[in-house]
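Student: I have a structure to work through. Can we take it question by question?

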Amino acid sequence: MEHLKEEIIPLFIALANDEQFSQDSVRLLAVEAGITIAGILSESDIEALLLPTFSNAASDKSWRVRFMIADKFIELQKAVGPTIIKNHLVFHFTRLLKDVEAEVRASASSKIKDFCLNLPAESREALIMPNVLPAVKELVCDTNQHVKAALASVIMGLSPIMGKDNTIQHLLPLFLILLKDEHSDVRLNIISNLDSVNEVIGIAQLSQSLLPAIFELAEDPKWRVRLAIIEHMPLLA
């Protein structure tokens, strides 16, 4: 272990942060290598030795490096301890959700459910409500179709994590916006995940909140959306 900390990690840090690699290929590879190294270190060693490198990657000038860390974020989250998650990773994840590049936002958006699920249970709600939820509300109105489609594929899965009251107060209005989105893949992703919401709030509340919008989609011009409505009729009955 001392050999790793005294020789291997300094070399890794030097390569991961060397700006002379203008093509960013080395920094790209460093993200995955760093996560692997983190898996065999203690939380205190990760914070002291590797965290600055991960922080730099999350704000790297190359969108491909930021995309890579967004893509590997759940692996990173599982490799570090709860203190690092609470004190550092929540900040970096929400910043990736607001990245200037749509590809990065889409990748991070697709990880929202898993990221929230893997937050420390005792502080999950306290971390989601002021940090992740505001970013999710912004993403619902994102200008990029692929970002909204990625969000729509996972946002319903937040219901079991956030609970009935938070779902009714905060998430249902967002579901309704996405159900009426101009892009069919966004609408389809919401309809296809109604089950997870029904399990939390019940069919009565689901019908009262979303049924009018769902009935409108029965005449949707996209056949896949109409098919999804038919497939979920038993749930809505």
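Student: What does the secondary structure of the chain come to?
Tutor: This is a predicted model. Its C-alpha atoms fill a box of roughly 65 × 40 × 25 Å along the principal axes. The secondary structure comes to 15 helices and 0 strands.

Student: Among contacts between residues at least 6 apart in sequence, what percentage join residues at least 24 apart?
Tutor: The chain has 237 residues, and buried ones make up 49% of them. Take the contacts between residues at least 6 apart in sequence. The share that joins residues at least 24 apart is 69%.

Student: Why do the buried residues of helix 4 line one face of the helix?
Tutor: Helix 4 covers residues 63-71, and its buried residues are Val-65, Arg-66, Ile-69 and Ala-70. An α-helix has 3.6 residues a turn, so residues three or four places apart point the same way. Seen down the axis of helix 4, the buried residues line one face because they fall within an arc of 140°.

Student: Which helices do the buried residues of helix 4 pack against?
Tutor: Ile-69 is among these buried residues, and Ile-69 is also among those with the most contacts inside the largest core. The buried residues of helix 4 pack against helix 2, helix 3, helix 5, helix 6 and helix 7.

Student: How wide is the arc that the buried residues of helix 12 cover around the axis?
Tutor: Helix 12 spans residues 184-191, with Val-186, Arg-187, Ile-190 and Ile-191 buried. These residues are on the same side of helix 12, because they cover an arc of only 130°.

Student: Which helices do the buried residues of helix 12 pack against?
Tutor: Val-186 and Arg-187 are among the buried residues of this helix. The partners of the buried set are helix 10, helix 11, helix 13 and helix 14.

Student: Is Leu-76 buried or exposed?
Tutor: Leu-76 sits in helix 5. Apart from residues up to four places away in sequence, Leu-76 touches Ile-35, Phe-54, Ile-69 and Leu-89. The cut-off for buried is under 20% relative accessible area. Leu-76 has 1%, so Leu-76 is buried.

Student: How does Asn-118 count, at 28% relative accessibility?
Tutor: Asn-118 lies in the loop between helix 8 and helix 9. Residues touched by Asn-118 include Ile-74, Gln-77, Lys-78 and Ile-85, not counting those up to four places away in sequence. Buried means under 20% and exposed over 50%. At 28%, Asn-118 therefore counts as partly exposed.

Student: How far apart in space are Leu-28 and Ser-62, C-alpha to C-alpha?
Tutor: Leu-28 is in helix 2, and at 13% relative accessibility Leu-28 counts as buried. Beyond residues up to four places away in sequence, Leu-28 touches Arg-64, Val-65 and Met-68. Leu-28 and Ser-62 are 34 residues apart in sequence, and their C-alpha separation is 9.4 Å.

Student: Which helix gives the largest share of the lining of the largest pocket?
Tutor: The largest pocket holds about 150 Å³ of space. It is lined by 13 residues, and the closest to its centre are Ala-16, Arg-27, Asn-56, Ala-57 and Asp-60. Helix 2 and helix 3 are the elements that give two or more residues to this lining. The largest share, 4 residues, comes from helix 3.

Student: How do the residues of that lining divide?
Tutor: Arg-27 and Asp-60 are among the lining residues closest to the centre of the largest pocket. The lining residues divide into 6 nonpolar, 3 polar and 4 charged.

Terms used
Residues numbered from 1 in each chain as written. Predicted model: local features only at pLDDT ≥ 70, side-chain atom pairs only at ≥ 80, totals over all residues. Heavy atoms only, no water. Core = buried A, V, L, I, M, F, W, Y, C linked by side-chain atoms within 4.5 Å. Buried < 20%, exposed > 50% of the residue type's maximum accessible area, 1.4 Å probe, protein only. Arc of directions from axis to C-beta. Contact = heavy atoms within 4.5 Å. 1 Å grid on protein atoms, 1.4 Å probe; cavity = no way out; pocket = protein on both sides within 12 Å on 5 of 7 lines; lining within 4 Å. Points joined across faces, edges and corners; volume = space filled by probe spheres on them. Nonpolar A, V, L, I, M, F, W, Y, C, P; charged D, E, K, R; others polar.
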